Amino acid sequence: MTANSGTGIAERVTGARRGDRVGDSPARPDGAQKTRGEFAFSSDLWMDGMLWGKTLRSPHVAAKIRSVDTAPALAIPGVRAVVTAADVPGRPTFGLDVPDQPVFASEVIRYHGEPVAAVAADHPEAARAAAAAIFVDYEPLVPVVDPEIALEASPIHPDGNVFRHLVIRHGAPDATGDVVVEGDYEVGMQDQAFLGPESGLAVPAEDGGVDLYIATQWLHVDRDQIAASLGVPAERVRLYLAGVGGAFGGREDVSLQIHLCMLALRTGRPVKMVYARDESFFGHVHRHPARMWYRHHASRDGDLVKVEARIVIDGGAYLSSSNAVISNAACFAPGPYRVPNALVEGYAVRTNNPPCGAMRGFGAVQVCFGHEAQMDKLAAALFMDPVELRLRNALERNDRLVTGQVLRGAVPVREVIRAAASHPLPPPPDPAGPVTARPGGAGATAGPEDVRRGVGFAVSMKNIAYSEGFDDFVTARLRLEAGVDGEAVATVSVATAEVGQGFVTLAAQIVREELGVARVVLAPPSTVDVGSAGSSSASRQTWMSGGALQLACATLRAELVVRAAELWECAATQCLFDDGDVVRAATGERLSVPDLLAPAPLETEHEFHHRPTRALDADGQGDAHLSFMFAAHRAVVDVDPELGLVRVVQIATGQDVGKAINPVQVTGQIEGGVAQGIGLAVMEEIVVTEGHVRNPSFTDYLLPTVLDMPDVLATVIEEPEPGAPYGAKGVGEPPTISSGPAVLAAIRDATGFPVTRAPVRPEDIALTWMRRTS
Amino acid sequence: MRAARVALPTTVEEAVEALTEAPGAQLLAGGTDFCVEVNFGLRRPPAVVALRRVQELRRYEVTPASVVIGAGTTYADMGGTELSAVLPALAAAARTVGSPQIRNSGTLGGNIATASPAGDTLPLLAALDARVTLRGPAGERTLPLGEIVTGVKTTSIAPDEVVVEVVVERRTGPQQFLKVGTRNAMVIAIASAAVVVDLEAHEVRVGLGSVAPVPVRATEAEMHIGDAIDWRATGGPRASAAALARFGELVGQAASPITDHRSTAEYRRHAVQVIARRALERCVVRAA
Ligand SMILES: Cc1cc2nc3c(=O)[nH]c(=O)nc-3n(C[C@H](O)[C@H](O)[C@H](O)COP(=O)(O)OP(=O)(O)OC[C@H]3O[C@@H](n4cnc5c(N)ncnc54)[C@H](O)[C@@H]3O)c2cc1C
């Protein structure tokens, strides 16, 4: 399959069949609504008589709280409640992994923007005024903002400053190569920048519990954390998925959920909260900034001998998912290459910077900037073509990772590299073309003579689903019944959060494929009538929720066959299921699904677990991961070195997808992921100085516009993954991982400058240019 | 919460009256700065005087000697009407502003009254010694731009005054506007430069943005290059590479940039001299 952004979507995705089964590209059920602006997002929630919530956040990075006076806020007309740490009825803290983060700061402030109180009022303006009127007496402290210093500094939290220190020792520790290259690399703090800000509506219930309508990635884990802090049984906290305006990992942690529920229970009224854009930057975790040191050893022929790395990620004030992020960073530190010997040291550190957690690519992104720059350095030292070097060292099936894990699934690393490399290059920069097509864009800064073109290459790998022994499962229920018109209707109940990835489309495709039933209804996801589906993250839902659904379909198919056999009074083995009918082999008689459903509906529920994984041992060895995805990106970039401005011209990619269940959606993930990847490479960064967030707005947190988006040429490699439904791997994360490193490589190629930091800033390039030319 | 009262005048006179009648009333043009400040809680006027219906503010006039641009002229108009033929650098600046939505709403008057160091129309207006006409209860007054924009987001416009129009003298010759930002579109300038070459007066005028609290002229650079250019050379005015390089240096000296979360002072100074030089190079012939 080839996709080219230059043309309309229909011609673009060759191989996208029209139908509505697996391998086809039916349109998303919510697509037209979203395009027309009619889709109800969580920020559109409304209930008569509802109150508006507002959070008060710390202006300080580190401080002691001497006292909090809420009286001035309560005196404002229309204010119904103010809650602080003192009002948390249950567990005072929350957290995805370990509950180390206060619902409200009580004694200590550990990061800029930490919540201190929340207000509910009749009108959002009254709520805003009330939050501003709360008097908090802070005693500012000197923050710890450098992770290297935090490693040694006295603890800023009772749990200490080191979240996790992980060492991977593999092969011979003192092995050395003929050729050795070394480098330091840095990645800044990226934000998920989902367009729908955090929002929800909490409604108090008669049983003393609460109903929460919320945009999230994982309903059940939110519920458990809310219930613990409210001090009520989990069944009394009911979560319903509201329209999610993007997530990218930023909705995995609790943000306003507990605050909203506390306010609803306190006031006995429905309470709605919507973060404004600036608050959203304080309300969720970000991508971990990273500092990395690498030393690669290779033989004279270009075989990797050893990789040494030290990776320090800044987790900010609270744990979130830092432990899993550093595990990924360490496990994938060498990239998708065969490395017989390795010593990788990973640290996830607590500082007074904003908390960091899950974001698309999860640890694999940061190290990819390091290992791919190293591969280029090595290629230069060996006088080898960088693509050749990568092909030579590419992982294959039955190879071992540096964790000792043997790769038993599909490992088409060479195929993705060749696919990316074989796309046509764009025409050279056109001296007569519009100035806005050059670096600097609308600013018209570059003449034809100011532009240099570069080409860069990067390859990546990442795990699918949860690792290191986590019991990762999805519960799904499927009901088949005859509708009023006699047609069969399949109803899917699964708590999978649709965050834009298109699971709603795939779910219907899978049921149609398996049962031949055209009418598929997805029950609204909630915690009420079905168990957990896990998070919509880690590229896992196609495999996990898709797998659960496929299993449920198989069960009902078998039951349909049994029903038919009973009617025919023959053995079930004499009957087979054929595209919506059961056929009696001996006679060719057929019974349709609606016929078989006439006596009674059928229903089944399944809990689908993936193959268990294991914890890493003291040497970082073990079968910690379920499966792996691979991708390669080639970037073509125009650079104006004198001004340090960049324009990405083209991204060509090969991506290992196992099976494209919906080719158009795969293309969507690739193009969107590329946008996010190049954003990190050239502009997206939360600027934090001394712990203060300096740019919490879309004025200054820059996202790529259409003028920054290159053409994308994509080839998907469909080598089925054993154990995965239809052989499909996840597709969401890989486009974000190696696209950015490929862009930095292209900038290095164009300029000859050692660009070692993402995002690269104009001054990083231009000031090097100045030094070299003066 | 009391809602703001909104007046919808149709003439400048009515607008001034409305401002005088309601104490604390504020003018609303395209709202592209105004509403952002409301959202951030930085601005909560008790009354609003909306200018959208004041047709006379949207008027512009091109005469042989001058160009008059109404304060209500939008970026879309600056970039897409006959204004773009007589003031190509203003059109170029307008095309760098925001997104199509912003260019359809945002106005010249709003850009002047906001007086941001990064206001993209201001470098050209500074280069052309624009004069700005204000109308208040006591009548009209006309001031040079430099006396209107007095500091970072501060002006000498009185609370009951309306910016009516801007007047610039017409100049014959090429003009350029270049703007540096980290993104290829919809970005606040890190540095910008407007360069106007006057083929009749034999002078070069340079206005700089985002490199000082207010838009600045690079007068030293202007004088140097005005003298260094061979104005009568066949094929158009000609400057040596050395003179152009010196021009860039002098532009850099005219800047007094700061370091903030958008960029560094060092880069801004470098960038502004590069773009001013490049802008001029597009207007003159570069001699070997
Ligand atoms: C997404 C976005 C992108 C932007 N990009 C750019 C950019 O690239 N370059 C740039 O320069 N600016 C940019 N801006 C800022 C803004 O668009 C401009 O400054 C615009 O010119 C403001 O004009 P307005 O008509 O919207 O003014 P308003 O927002 O309506 O008003 C701004 C101020 O001017 C006052 N005012 C308006 N008209 C008059 C008048 N006739 N007399 C007296 N006072 C008046 C108002 O009272 C108010 O104080 C951007 C804004 C946004 C939201």
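Trainee: How are the residues and chains labelled, and what limits apply to the model?

Mentor: Residues are numbered from 1 along each chain as its sequence is written, and chains are lettered from A and ligands numbered from 1 in the order in which they are written. The model is predicted, so local features need pLDDT of at least 70 and side-chain atom pairs count only at pLDDT 80 or more, while totals for chains, interfaces and linings use all residues; side-chain values use heavy atoms, with hydrogens and water left out.

Trainee: Why is Asn328(A) called buried?

Mentor: Buried means under 20% relative accessible area, exposed over 50%, and partly exposed in between (1.4 Å probe, protein chains only). Asn328(A) has 3% relative accessibility, so Asn328(A) counts as buried. This residue sits in helix α9 (residues 322-331) of chain A; helices (H or I, at least four residues) and strands (E, at least two) are DSSP runs, numbered from the N terminus.

Trainee: Which residues does Asn328(A) touch?

Mentor: Contact means heavy atoms within 4.5 Å. Leaving out residues up to four places away in sequence, Asn328(A) touches Phe362(A), Gly363(A), Ala364(A), Lys462(A), Asn463(A) and His625(A).

Trainee: What makes Leu515(A) buried?

Mentor: Its relative accessible area is 0%, so Leu515(A) falls under the cut-off for buried. Leu515(A) belongs to helix α13 (residues 503-515) of chain A. Not counting residues up to four places away in sequence, its contacts include Leu478(A), Cys553(A) and Phe577(A).

Trainee: What makes helix α7 of chain A mostly covered?

Mentor: Nine of the 11 residues in α7 (residues 257-267) of chain A are buried, among them Ile258(A), Leu260(A) and Met262(A). Just after α7(A), Gly268(A) has a positive phi of about 70°.

Trainee: Why is the pair Asp178(A) and Arg300(A) called a salt bridge?

Mentor: A salt bridge is a side-chain nitrogen of Lys or Arg within 4 Å of a carboxyl oxygen of Asp or Glu. The N to O distance here is 3.9 Å, so the pair qualifies. Asp178(A) lies in the loop between β10 (162-170) and β11 (179-187) of chain A and Arg300(A) in the loop between β16 (290-298) and β17 (304-316) of chain A, so the pair ties together parts that are 122 residues apart in sequence.

Trainee: How do you know that Asp178(A) is partly exposed and Arg300(A) exposed?

Mentor: Asp178(A) has 45% relative accessibility, so Asp178(A) is partly exposed. Arg300(A) has 63%, so Arg300(A) is exposed.

Trainee: What makes Glu308(A) and Arg295(A) a salt bridge?

Mentor: Their closest N and O atoms are 2.9 Å apart, so the pair meets the definition. Glu308(A) is in strand β17 and Arg295(A) in strand β16 of chain A, so the bridge ties together parts 13 residues apart in sequence. Glu308(A) is buried at 11% relative accessible area, whereas Arg295(A) is partly exposed at 26%.

Trainee: Which salt bridge does Arg268(B) form, and why is this residue called buried?

Mentor: Arg268(B) pairs with Asp260(B), the closest N and O atoms being 3.3 Å apart. At 4% relative accessibility, Arg268(B) is under the cut-off and therefore buried.
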